[in-house]
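Hi everyone, thanks for coming. Let's take a look at this one together, strand by strand.

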Amino acid sequence: MHESEPPATTGPGRRAAARPAGAAGVAAGAMATIRRHPKTWMAAAAAVAFLLLGTGSVALGATVGAPAAAAGAPETATAKPTPTRSATPTPTPTVDPARPVPANQAAATRIRTCSVAGLAGDGRLGTLEAQVVNAKTGQTLFDRNGVKPAPTASVLKTLTSAAALATLGPDYRVSTTVVAGSTPGQVVIVGGGDVTLSRLPDGQASFYTGAPKIQDLANQVKQAMGGQPITSIVVDASLFGAPFWQPSWDEREERVVEGSTPYMTSLMVDGDRDDPTAVESPRSTDPVARAVQYFQQYLGTSVGVSQGVAPAGARQLGVVQSQPVTTLIDQAMRVSDNTIMEELARLVAIKNGAGNTFDALNAGVLAGLKGYGIDTSGIHIADGSGLSDDNAVPPSYLTQLFIKVLNRQNGLGVVYDGLPVAGKSGTLGPGYNRFTGSNSVARGAVFAKTGWIDHGYTLSGIVNSADGTPLTFAVFALGNVGDNAKQAIDSLVAGFYQCGDNLSNG
């Protein structure tokens, strides 16, 4: 019976009068029984106490629902009470206090113990920006300002190469053509941007491997003319827009003294070098005129020359083509050739619809890099070679790009193949005083692009470390630095090599 239900009665006076008498009789009988069997009742009392203690919380909870009527409560004598069933109140749900729950334990992190902090603190490095990544796991092992964009020097050639492969394609060849002009006997030579076109005659090799010959182009024209005299020559070099010299470059240093870079016109021969076989050689003030001079010579004519644009749909009289983009990249990466890289950057910008000037390179190259899926935030492209101080790329971009280079994704294997190798080849090879002495421990294990500008030395690429872990890295030594920064960079990278995956960030 629920406590809220009253016991049945036969009359209004019986219930009130019977309770006291009945209760006294029961109590008297119980006391008599206890006196006759004291031990039995003591045991029973103990059991009841144990049961109450064990279930006390349950019993308490049951009594809270509705209080019982007080024993002997008065009832009205003039009216028969109507028994009612009071509704059982719905208990208010209670929420257990929040119990402390142990936090998820973080996965154990390997403690790396191989530090290069001392090497990184070398004063010869100036302001250091650097990052090292495990190329298998993608984990950053070492970082010093690694996400801060900064001038890259010639390390930028890696980005230009990647953009050219994505935009132009690995098999693309650059053409130099000659078409018929608008008047009888007139020929128009059209510069397509090939800086490798050589003035040397057949049988003589120029600096650029497998370069096409302007002599061959002239011979095709003579044959196509069928004996018709050439009356005039028009030069169409409109593919590349002015200015032809990047304003932030030091012209005397780069064009004359170092001889590393020409005016970037769409028609030239041998990268406009004075010496067509040299890595570096002074360049002229008019690359187009130099090219036309040799074209005339091989045509065997001294007719007048003018600037103009090829007629639309004109008949082709001759064409020569460069080596494919893969070959151009390979050679430019090995010897850090500025001229090829400026050519490729300009062609990328044109193909991507950004324009044909230096100002178009940023949008053009970034569009070419988009497909690699690496965040280009903060990057600024001022030229294709890295010669400008206005270029800005964070080391973190390079470490990600070089993972793709290492894995030969999207045709980037050609970049890997063209990287100089420490102590072995290119600008890290013999004669460049790199990875010598104690740093020679990493000879043959570092594949990287070098860079140098007035206020910085850089190196970025891949390290096959001593423990077998492939690492990608980028090191920028910036600010008031001298030539000895190269040796400090080599020491730091040799440290990366020796530490491998145990390289710490401390």
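Predicted model: local features only at pLDDT ≥ 70, side-chain atom pairs only at ≥ 80, totals over all residues.

Now, who are the partners of β10? Strand β1, residues 127-134, pairs with β10 in the antiparallel sense over eight bridges. Strand β9, residues 456-464, is antiparallel to β10 too, over nine bridges. Find A477 on your screen: A477 is the bridge partner of L128, and Y457 also stands opposite A477. Between β9 and β10 the hairpin has five residues, and there G468 takes a positive phi near 90°.

Okay, on to another part. Here we have an open sheet of five strands, in the order β6-β5-β4-β3-β7, with mixed pairing. The edges are β6 (305-307) and β7 (316-321); each has a single partner strand, so one side of each is left without a neighbour in the sheet. From one strand to the next, the twist averages 20°.

Inside that sheet, β4 (186-190) and β5 (232-236) run parallel, with five bridges, and V190 sits opposite D236.

Last, the helices. Helix α5, residues 214-225, packs on the sheet and touches β3, β4 and β7. Helix α7, residues 287-299, lies across β3, β4, β5 and β6, at about 145° to β5.

Notes
Residues numbered from 1 in each chain as written. Heavy atoms only, no water. Pairing = 2+ DSSP bridges. Helix = DSSP H or I, 4+ residues; strand = E, 2+ residues; numbered from the N terminus. Axes fitted to C-alpha atoms, helices over the stretch in contact; angles between N-to-C directions. Contact = heavy atoms within 4.5 Å.
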